[in-house]
Amino acid sequence: MEKNRGSRKLKYLLLVLVIIILAGVALRGTADAHLRAAAVLKRLSDPHAHGFVASFAGHPFTEEDGSALIASGPLKFKLYIPDNGAMNGGIVLLHGVHHLGMEDPRLVNLSRALAGSGVEVMTPELQDLADYRITPRTVDTIGASAVILSTKMNRPVGLIGLSFAGGLSLMAAARPEYKDKIGFVMAVGAHDDMSRVARFYATNIETEPDGKEQHLQAHDYGMLILAYEHTEDFFSSHDAPVAREVLRQWIWEEPQAMKTADALSPAGKKTLDQLLHHHEQLQQDFLEEIARHRAEMDAVSPHGKLGDIAADVYLLHGAADNIIPPAETLWLERDVPKQDLKGALVSKALTHVDTGNGEPLTEKWALVDFFAHVLHDATELSQRNQGQ
């Protein structure tokens, strides 16, 4: 009897020990992901950060330029490769609407911080977004980029899409030709419906899924992008090419913009002044513009197109984002299948795609915790495929 009791006690102790060990391994993985997340976010806000936390994203890595020929033409990209191997997975990091494209300093900082934390990063040049145009072919460029990195690493990879690239990344992950190469998508400040975002630019009203409307002053940038893409709808055939160049120079903050505008007709100069300084006077024109190009906007909207997505999805949005309003992430939560939505956060610690300052500690922690789950997903995806 005593022998049996001793045997049962030993088995019980061994079981407890195994549970403790397994819990310790799991907690260690989670703690590691949180430290790496904190380090990446710290280095994003300060590339020269030092100290205990920053050191978790300060490991050596190599930067390489790359190119490939895809269906739409030549593709340029950068690779950020950890010197000790990509033990924490691979990520295709996608820039938003910005003329610097993959050379945007914020994107470079984030790429370096991720690579320093053991993640191999690819940043493709999305030519249309760099030219302030949101087009369907960018979805295929994103998908092709995922195929390139996945093939190189011999495992599925993650996508992190910033701003409009976030919505387009979700669309790419739902395409049958790309979905097997994409393990997860993190959409930061993404759009769900381009027409609804455009109406926000025209009216300063964001509409939530329950029908509630909130006033939020839209960034002037939004209206200018709409006008830039279709200058022919606002200017005469003579003025349109000049106006497009003026708007490009203005958006790029080039000082000669107003000098270029001298070539416009008096009517063209009046319209330009309204666009730059009094665009509320053009509200009806913009609403008609949105209706005119509804099909074009639907073609670059994730809304109603995510039913076949197979990747894990993480949605992150700045609470005061006035370029793509945070209500868009609430809409995306409805569009992403429940079994695929792993996290959604509207954060006061984020603006559009930048981290803010002075936010409460609870907001900072929620952002770190959210990003930690993304990094943990990347690592698990990598390890799972290495074991196959």
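Select Y201. Leaving out residues up to four places away in sequence, Y201 touches F164, A218, G222, M223, L226, I323 and I324; contact means heavy atoms within 4.5 Å. This is a predicted model, where local features need pLDDT of at least 70, side-chain atom pairs count only at pLDDT 80 or more, and totals for chains, interfaces and linings use all residues. Residues are numbered from 1 along each chain as its sequence is written, and side-chain values use heavy atoms, with hydrogens and water left out.

**Cores**

Widen the view around Y201. Together with L170 and F286, Y201 has the most contacts inside the largest nonpolar core, a set of 75 residues. A nonpolar core is a set of buried Ala, Val, Leu, Ile, Met, Phe, Trp, Tyr and Cys residues joined through side-chain atoms within 4.5 Å. Buried means under 20% relative accessible area, exposed over 50%, and partly exposed in between (1.4 Å probe, protein chains only). Now pick A33, A37, L110 and L162. They are among the residues of a second, separate core of 37 residues.

**Tyrosines**

Next, Y132, Y221 and Y228. These three form one aromatic cluster. The structure holds six aromatic pairs. Rings of Phe, Tyr and Trp (its six-membered ring) pair if their centres lie within 6.5 Å; planes under 30 degrees apart count as stacked, over 60 as edge-to-face and the rest as tilted.

Start with Y132 and Y221. Their ring centres are 6.2 Å apart and their planes stand at 70°, so this pair is edge-to-face. Y132 is in the loop between α3 (127–130) and α4 (137–153), Y221 in helix α7 (220–229), so the pair ties together parts 89 residues apart in sequence. Helices (H or I, at least four residues) and strands (E, at least two) are DSSP runs, numbered from the N terminus.

Y228 lies in helix α7, 96 residues from Y132. Y132 is buried at 2% relative accessibility, and Y228 at 1%. Y221 is buried as well.

**Helix α4**

Move along to T141 in helix α4. At 9% relative accessibility, T141 counts as buried. Beyond its neighbours within four places in sequence, T141 contacts I70, S72, L75, E125 and L126.

**The sheet**

Show the strands. Eight of them make an open sheet with mixed pairing, in the order β1-β2-β4-β3-β5-β6-β9-β10. Two strands pair if DSSP finds at least two bridges between them. β1 (61–70) and β10 stand at the edges with a single partner strand each, so one side of each has no neighbour in the sheet. Zoom in on β2 (73–82) and β4 (120–124). They pair in the antiparallel sense over four bridges. Here F77 stands opposite P124 in β4.

**Helix α13 and its tryptophan**

Select residues 327–335, helix α13. Its buried residues are A327, E328, T329, W331, L332 and D335. These pack against α5 (164–173), α6 (194–203), β7 (205–207), β9 (312–318) and β10 (341–347).

Which charged end sits over the ring of W331? R196 does, 3.9 Å from the ring centre. A charge sits over a ring if NZ of Lys or CZ of Arg is within 6 Å of the ring centre and within 35 degrees of the ring normal.

Last stop: R248 and W252. R248 lies over the face of W252, at 4.5 Å from the ring centre.
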